[in-house]
Amino acid sequence: MAGTKNHDYHILEPDIWPLIGSLSALTFTTGMVFYMHEMSGWAVVLGLGIAGLIATFFSWFANIVREAEGGDHTPVVQLHMRYGMILFIASEVMFFVGWFWAFFDFALFPEPLVVAAAGTAEQATTNLFISEGVTEGGTLVPEGMEVLDAFSLPLLNTLILLCSGTTVTWAHHALIHGDREGLKQGLWATIALGALFTAIQAYEYSIAPFVFGQNTYSSAFYMATGFHGFHVLVGTIFLIVCLFRAYKGHFTPRQHFGFEAAAWYWHFVDVVWLFLFIAVYIWGGWGAPVH
């Protein structure tokens with residue numbers, strides 16, 4: 001019979017949001033280019049791009065939630081959504097590999113930066129990461145530069161994220177066993193810990209003894225930890241949406257991919273922080289005076 005569905009997939013209805021999202025992304029990047037070149041009107045263009053992206057996120061994700069609650073996410077569909085989330089996290093892993101690669105390249109294979117004075121042929125060399133004599137047992141930061149004490153606020157934030165990984169696992173197991181109150185409590189605890197981590201990191205930045213762009217160590221530090229902080233913020237929003245859906249009665253022990261994806265993402269954020277804590281805070285600042 002024509003039109004009879006004989007497969008486990010659902011055919012999506014035509015939707016305008018992919019087009020709006022693409023145009024909004026183009027507008028956003030154009031606004032960023034205008035901003036970086038100090039062109040007039042950048043705020044309007046950038047604002048329109050951000051507004052369009054936010055509207056796309058809300059509307060497109062709402063459509064996905066309606067599909068899930070309508071029974072369109074069959075086991076086969078859920079399986080392939082998991083594949084998609086795995087590939088997304090893999091791409092995020094490679095994103096952070098880039099920052100770690102830069103950090104270790106600066107630290108292990110430092111080269112002087114050759115700077116030509118304006119209007120002259122004279123050149124000056126400056127080592128932006130490691131001071132002279134470091135190969136004989138010095139520090140990984142320029143001589144005399146202070147770093148953050150790895151065993152102060154960074155260690156506290158490490159414990160906070162490890163605890164948050166425990167609470168999100170508690171919420172997941174509660175959901176699997178039909179304990180909806182445990183699900184809500186675990187999500188509340190994870191969100192609170194994520195917000196606390198962000199607040200402590202913001203305070204840490206405010207008291208840091210170095211600034212972005214001061215040298216390659218400080219630049220690598222802020223780029224790696226800053227993007228990780230952004231991922232913590234995104235993961236916290238992800239979990240807030242899951243909490244909202246939990247209160248609306250969404251998710252079942254057999255169908256809860258939305259929550260599962262959030263939990264995977266949160267664990268990924270935890271693991272990245274452990275590498276950052278060991279490589280950047282402990283190893284990177286070893287032997288340097290602490291602030």
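Buried means under 20% relative accessible area. The views below come from a predicted model.

**View 1. R82 and E260 meet in a salt bridge.** The N-to-O distance is 2.7 Å. At 12% relative accessibility, E260 falls under the 20% cut-off, so E260 counts as buried. R82 has a relative accessible area of 22% and is therefore partly exposed. The two partners sit in distant parts of the chain. R82 belongs to helix α3 (residues 75–108), and E260 to helix α7. They are 178 residues apart.

**View 2. R245 pairs with E69 in a salt bridge.** The closest N and O atoms are 3.3 Å apart. R245 lies in helix α6 and E69 in helix α2, so the pair ties together parts that are 176 residues apart in sequence. Buried or partly exposed: which is R245? R245 is buried, with a relative accessible area of 11%. E69 is partly exposed at 41%.

View 3. E181 is partly exposed, with a relative accessible area of 47%. K184 is buried at 14%. The structure holds three salt bridges. Side chains of opposite charge can pair when their charged atoms come close.

**View 4. Helices α6 and α7 pack against each other.** Helix α6 covers residues 216–247. Helix α7 covers residues 257–283. Their axes are 9 Å apart, at an angle of about 160 degrees. That angle is over 145 degrees, so α6 is roughly antiparallel to α7. The crossing of α6 past α7 is left-handed. R245, from the salt bridge with E69, lies in helix α6. E260, the partner of R82, lies in helix α7.

**View 5. Four residues make a nonpolar surface patch.** The patch is formed by V33, Y35, M36 and W42. Its area is about 410 Å². Which helix gives the most to the patch? Helix α1 (residues 17–36) does, with three residues. W42 lies in helix α2, which runs over residues 42–69. At 33% relative accessibility, W42 counts as partly exposed. Patch residues need over 30% relative accessible area, so W42 passes that cut-off. E69, from the salt bridge with R245, also lies in helix α2.

Terms used: Residues numbered from 1 in each chain as written. Predicted model: local features only at pLDDT ≥ 70, side-chain atom pairs only at ≥ 80, totals over all residues. Heavy atoms only, no water. Patch = residues over 30% accessible without salt bridge, like charges linked within 9 Å, V, L, I, M, F, W, Y side chains within 5 Å. Areas by Shrake-Rupley, 256 points an atom, 1.4 Å probe, with all protein chains shown as cover. Salt bridge = Lys/Arg side-chain N within 4 Å of Asp/Glu carboxyl O. Helix = DSSP H or I, 4+ residues; strand = E, 2+ residues; numbered from the N terminus. Buried < 20%, exposed > 50% of the residue type's maximum accessible area, 1.4 Å probe, protein only. Axes fitted to C-alpha atoms, helices over the stretch in contact; angles between N-to-C directions. Parallel < 35°, antiparallel > 145°, perpendicular 65-115°, else oblique. Left-handed = near helix turned anticlockwise from the far one by under 90°.
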